[in-house]
Amino acid sequence: MMMNNCVRSEVLRENFRPGTDTVAAIMWSNPVVLPPLCRVNEAIERVRQVGLPEENMNSCYVVAEDYTLLGLVSLRTLLLTRGGARLETVMSHPFATVQPQDDQELAAQLMQEYDLLELPVVDGDNRLMGVVTADDAMEVLQAEATEDMEVMAAMSPSEEPYLESPVYRLFRSRIPWLMLLMLSATFTSGIISHFEDALAAQVTLTAFIPMLMDTGGNCGSQSSVMVIRGLSLGQVGFGDWMRVLWKELQVSGLCAAALAVVNFVRLMVMTSVGFGVAATVSLTLVATVVLSDLVGSLLPILAKRLGTDPAVMASPLITTVVDAMSLLIYFQLSSWLLGL
């Protein structure tokens with residue numbers, strides 16, 4: 001019987017089809033398993049006989065007869081413990097476990113959070129099925145970071161190296177987003193067309209449109225990147241949206257005030273525009289920065305809540321939304337303050 005000696009058995013297998021992004025697709029299904037009554041010297045001898053299935057593994061797993069995970073013991077512990085001690089007295093309990101159907105990114109996040117070199121994979125009854133190593137987790141994080149960068153740049157994710165990707169495939173990955181963003185820019189041109197009479201009455205206002213749109217887009221991108229990073233690392237969840245809103249409101253308020261003051265002084269000293277135009281542009285800058293910052297921080301959280309990749313809400317889409325908002329604010333304030 002397994003409880004009476006140190007026989008290494010195959011880890012429990014189940015009819016589970018691993019998905020591409022599941023833990024089952026990256027786990028090692030044959031770690032060294034030992035019974036709790038096995039002695040340390042017997043465990044060391046067993047490891048010498050069978051070796052470790054993967055060079056980055058450094059733990060043996062203590063399981064019951066039905067492969068229920070009881071604990072784990074590192075090779076370092078085995079070497080530093082007296083040979084007669086039983087594993088049940090020296091084993092430690094795992095900090096975390098995952099199930100085969102869990103997302104790979106969850107496993108990588110847990111390993112990063114608890115600084116783990118290995119992460120046990122168990123089924124619904126806590127029976128050991130495999131192990132995820134640090135190397136596997138690093139590859140997952142790298143793949144997820146690459147995918148997020150591509151989505152944030154308005155590209156469909158690709159797993160092929162750039163130089164090995166056919167031109168047509170690169171074209172196909174980029175053109176849908178470019179087409180969508182081009183069509184969405186119709187709102188921006190529509191707003192400008194609607195207020196063309198105001199622009200004709202005060203041509204000077206036209207010169208500040210690029211600055212306002214660029215500043216709003218940059219602020220929205222900054223806040224979205226910070227929030228997306230927090231979502232990816234598990235530091236931010238949907239329940240934290242009020243805290244995120246309050247924090248970004250404070251940050252954007254300080255940024256907006258600083259930018260508005262510098263912009264107002266610059267316009268009054270370095271240009272020939274009047275007080276009214278300088279005040280209008282500076283106030284628009286305040287409203288644009290605050291609103292774009294809030295939009296950039298809340299849209300990724302909403303996307304995560306709806307089950308969509310938060311990176312989709314990054315730079316290109318947020319910039320398009322913010323551009324339309326900044327123009328509306330600009331022309332409305334111009335109408336009120338300058339009587340256009």
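Does Asp115 count as buried or exposed, and at what relative accessibility? The points below come to that residue in turn, after an overview of the model.

1. Overall make-up. This is a predicted model, and the protein in it contains twelve helices and five strands. Of its 340 residues, 42% are buried. Looking at contacts between residues at least 6 apart in sequence, one finds that 68% of them join residues at least 24 apart.

2. Three strands form an open sheet in the order 1-2-3, and their pairing is mixed. Strand 1 (33-34) and strand 3 (69-74) stand at the edges and have a single partner strand each, so one side of each is left without a neighbour in the sheet. Strand 2 (residues 59-63) and strand 3 run antiparallel and are joined by five bridges; within this pairing, Cys60 has Val73 in strand 3 as its bridge partner. As background for a first reading, strands of a sheet pair through backbone hydrogen bonds, in either a parallel or an antiparallel way.

3. The hairpin. Strand 4 (residues 118-122) pairs with strand 5 in the antiparallel sense, over five bridges, and the two strands form a hairpin with five residues between them.

4. Two residues with positive phi. Asp115 lies in the loop between helix 4 (104-114) and strand 4, and its phi is near 55°, a positive value in a residue other than glycine. To return to the opening question, Asp115 has a relative accessibility of 69% and therefore counts as exposed, because the cut-off for exposed is over 50%. Asn126 is found in the loop between strand 4 and strand 5, and its phi, near 65°, is likewise positive in a residue other than glycine. Asn126 is partly exposed, since its relative accessible area is 31%, a value that falls between the limits of 20% for buried and 50% for exposed.

5. Packing of helix 9 and helix 11. Helix 9 (residues 209-232) packs with helix 11 (residues 275-305) at an angle of about 30°, and their axes are 8 Å apart. Angles under 35 degrees count as roughly parallel, and the two helices are therefore roughly parallel to each other. Their crossing is right-handed. On the helix 9 side the contact residues include Met211, Gly216, Cys219, Gly220 and Leu231, while those on the helix 11 side include Val281, Asp293, Gly296, Pro300 and Lys304. The residues of this contact divide into eleven nonpolar, ten polar and two charged.

6. A position in helix 9 to check. Pro210 lies in helix 9 and is partly exposed, with a relative accessible area of 46%.

Methods:
Residues are numbered from 1 along each chain as its sequence is written. This is a predicted model: local features need pLDDT of at least 70, side-chain atom pairs count only at pLDDT 80 or more; totals for chains, interfaces and linings use all residues. Side-chain values use heavy atoms; hydrogens and water are left out. Two strands pair if DSSP finds at least two bridges between them. Helices (H or I, at least four residues) and strands (E, at least two) are DSSP runs, numbered from the N terminus. Axes are lines fitted to C-alpha atoms, for helices over the stretch in contact, and angles run from 0 to 180 degrees between N-to-C directions. Angles under 35 degrees count as roughly parallel, over 145 as roughly antiparallel, 65 to 115 as roughly perpendicular and the rest as oblique. A crossing is left-handed if the near helix is turned anticlockwise from the far one by less than a right angle, and right-handed if clockwise. Contact means heavy atoms within 4.5 Å. Ala, Val, Leu, Ile, Met, Phe, Trp, Tyr, Cys and Pro count as nonpolar, Asp, Glu, Lys and Arg as charged, and the others, Gly among them, as polar. Buried means under 20% relative accessible area, exposed over 50%, partly exposed in between (1.4 Å probe, protein chains only).
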